[in-house]
Amino acid sequence: MNKQGMLIVISGFSGVGKGTAAKKLVEKYGYSLSVSATTRAPRDGEVDGREYYFKTVEEFRNLIDYNGFIEYAQYVENYYGTPRAYVEQELALGHNVILEIEVDGALQIKEQYKDAILIFISAVSAKELKDRLTGRGTEEPEVIAKRMNRAKEEALSISNYEYFVINQDGRLEQCVDQIHAIVTAKRQDIRFWTDDIIEMQNELKTM
Ligand code: 5GP
């Protein structure tokens, strides 16, 4: 049996609900969710170690120097990175791990983990995206404008992803189930079973 877990990268425009989708995948299907480190200030209700590990720029740079991240990137003036230890430990335990990260980080992951699954979540339209970001009420207009600009850049990277899933308002469950279906199908990819196939070929020779 193949024991290594799979790495699932979920990206999407700011405000698209990818964080909620990731949490739902944990609750409903038992995925492991990597908690990132960031230099961004906590939003109301965010808890250190739950939504993010909140770091100073100096602490973050130290972690980079000690090879503490499997990827990191800058996003609208702040750094974000995926701590190495948790991901490696969970994959070794055979758990499927979700990284909810932006496009530059996703590409770094693809380079290092060839079998990672890259999924891009989008809203139905650009207008709905802006409405959601504004309606969330957590960001200043200036930050919303920066995030919309970033969305324009990110839209150009979508072709690097293998899967595209739409999170329609009020249809979170459907989006989550689609992601799980993608992962389940990919798990049957013949490449994941190479060792087992060789074992079976050898066994058959002896029969
Ligand atoms: P937010 O500030 O809204 O929580 O996150 C901003 C962006 O940073 C989102 O697109 C989110 O997916 C991304 N992000 C969160 N954690 C990481 C990480 O560890 N690495 C990278 N590259 N991006 C991240």
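**View 1. Surface and overall build of the predicted model.** The accessible surface of the protein comes to about 11,600 Å². Carbon and sulfur atoms hold 53% of that surface. The model shown is predicted. Eight helices and nine strands make up the protein. The radius of gyration is 18 Å, close to the 17 Å that the globule rule gives for 207 residues, so the protein is as compact as a globular protein of that length. The C-alpha trace spans about 70 × 40 × 30 Å along its principal axes. Of the 207 residues, 42% count as buried. Take the contacts between residues at least 6 apart in sequence: 68% of them join residues at least 24 apart.

**View 2. The open sheet of five strands.** The strand order is β2-β7-β1-β8-β9, and the pairing is parallel. β2 and β9 (163-166) are the edge strands, each pairing on one side only. At the β2 end of the order, β2 pairs with β7 in the parallel sense over two bridges. In this pairing, S32 stands opposite V97 in β7.

**View 3. Strand β1 and its two partners.** β1 pairs with β7 in the parallel sense over four bridges. Here I10 stands opposite E100 in β7. β1 also runs parallel to β8, joined to that strand by five bridges. V9 stands opposite L118 in β8.

View 4. Helix α1 covers residues 18-29. K18, A21, A22 and L25 are the buried residues of α1. Seen down the helix axis, these buried residues fall within an arc of 100°, so they line one face of α1. An α-helix has 3.6 residues a turn, so residues three or four places apart point the same way. Which elements meet the buried residues of α1? They pack against the strands β1 (7-12), β2 (32-33), β7 (97-100) and β8 (117-122), and against helix α7 (172-186). Just after α1 comes G30, with a positive phi of about 75°.

View 5. Helix α5 runs over residues 126-136. E128, L129, R132 and L133 are buried in this helix. Down the axis of α5, its buried residues fall within an arc of 135°, so they line one face of the helix. Helix α6 (141-155) is part of what covers them. Which exposed residues sit on the face of α5 turned away from its buried side? That face carries A126, K127 and G135. G137 follows α5 and has a positive phi, near 70°.

**View 6. β1 in its setting.** This view brings together the sheet and helix α1. In the strand order, β1 lies between β7 and β8. Buried residues of α1 pack against β1, and also against β7 and β8.

Key:
Residues are numbered from 1 along each chain as its sequence is written. This is a predicted model: local features need pLDDT of at least 70, side-chain atom pairs count only at pLDDT 80 or more; totals for chains, interfaces and linings use all residues. Side-chain values use heavy atoms; hydrogens and water are left out. The expected span of a helix is 1.5 Å times one less than its number of residues. Buried means under 20% relative accessible area, exposed over 50%, partly exposed in between (1.4 Å probe, protein chains only). The arc is that of the directions from the helix axis to the C-beta atoms. Contact means heavy atoms within 4.5 Å. The radius of gyration is taken over C-alpha atoms; the globule rule is 2.2 Å times the number of residues to the power 0.38. Accessible areas come from the Shrake-Rupley method with a 1.4 Å probe; for residues, only the protein chains shown count as cover. Two strands pair if DSSP finds at least two bridges between them.
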